[in-house]
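Hello,

Here is the structure I promised to pass on to you. Have a look at it first, and then read my notes below.

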Amino acid sequence: TQSTRPQRLLHAVQKNATKGDPRSVVKAIDNFCRQKEWAMNVGDEKGCILDSVVSEVNPVTVLELGTYCGYSTVRIASLLPPRAKIITLEFNPDYAKIARQVIAWAGLEDKIQVVEGPSGEWIPKMKEQFGVKTFDLVFLDHWKDRYLPDTKLLEDCGLLRKGTILLADNVICPGTPDYLEYVRNSPRYKSQYFKSHLEYTKAEDGLEKSVFLG
Ligand SMILES: CCCNc1ncnc2c1ncn2[C@@H]1O[C@H](/C=C/CNC(=O)c2cc(-c3ccc(F)cc3)cc(O)c2O)[C@H](C)[C@H]1O
Ligand SMILES: [Mg+2]
């Protein structure tokens, strides 16, 4: 039977990346997407902005919405201090399966918890199921029309604290207009746009970094 693109991406990692070396996993995926098949990873250009935000925040508890193949999960986890953790939500079991294998190849299983299921169900359970008090950093990269409802859900569940950083991918392409309007106009956020390009292309895209003010 025909393989899927995520399966081919995983094989490229297993073929070209060094087991236990997260940055070589990131490189192998970027090379695969540049040379073989485009895939919707945050990519190397926006990835550098992601790296700088993660390094600046130095988070202990991270939430990622939308794991896909685990590219940004590995990229973030590779920069986390020893006891820090990232919980990543993925509701498609096939993608979750691929992501777990990419994460295993990077040797980052101890820092990453892949949770299978929809964000709407799991966000309200974060405290009781995973002992999360609040998140230091949230990376939004799932369906674009879910950024706003899930942000409001995070607020309502008390999972954001004064200073929590929300970092959102694709605010230009494909675009998240309702989310942008909210974080840029709400008195509860201080928002900043990082202009970049859609992964592996010359099209404009960017990341929106928003600080929750409490
Ligand atoms: C109701 C469930 C919500 N809760 C959920 N809970 C858990 N997991 C969820 C939820 N909603 C979705 N997911 C998972 O997250 C992933 C979804 C990722 C979506 N990403 C894009 O659509 C995109 C498109 C382009 C793009 C740009 C230009 C183009 F021409 C083509 C494509 C670029 C980009 O960087 C992009 O990130 C994964 C596929 C999906 O199973
Ligand atoms: Mg994206």
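Two strands count as paired if DSSP finds at least two bridges between them; helices (H or I, at least four residues) and strands (E, at least two) are DSSP runs, numbered from the N terminus. Please keep in mind that this is a predicted model, where local features need pLDDT of at least 70, side-chain atom pairs count only at pLDDT 80 or more, and totals for chains, interfaces and linings use all residues. Residues are numbered from 1 along each chain as its sequence is written, chains are lettered from A and ligands numbered from 1 in the order in which they are written, and side-chain values use heavy atoms, with hydrogens and water left out.

Let's start with the hairpin. Strands β6 (residues 189-197) and β7 (residues 204-212) pair in the antiparallel sense over nine bridges, and S196 stands opposite D205 in β7. Six residues lie between the two strands, and in this hairpin Y200 takes a positive phi near 65°.

Next, the metal. Which residues coordinate the magnesium ion (ligand 2)? They are D141 (OD), D169 (OD) and N170 (OD1), at 2.0 to 2.2 Å. Donors here are N, O and S atoms within 2.8 Å of the metal (3.2 Å for Na, K and Ca); water is not among the atoms, so sites may look incomplete. D141 is in the loop between β4 and α8, and D169 is in the loop between β5 (160-168) and α9 (171-175), 28 residues apart. D169 counts as buried (under 20% relative accessible area; exposed is over 50%, partly exposed in between; 1.4 Å probe, protein chains only), because its relative accessible area is 0%.

Best wishes
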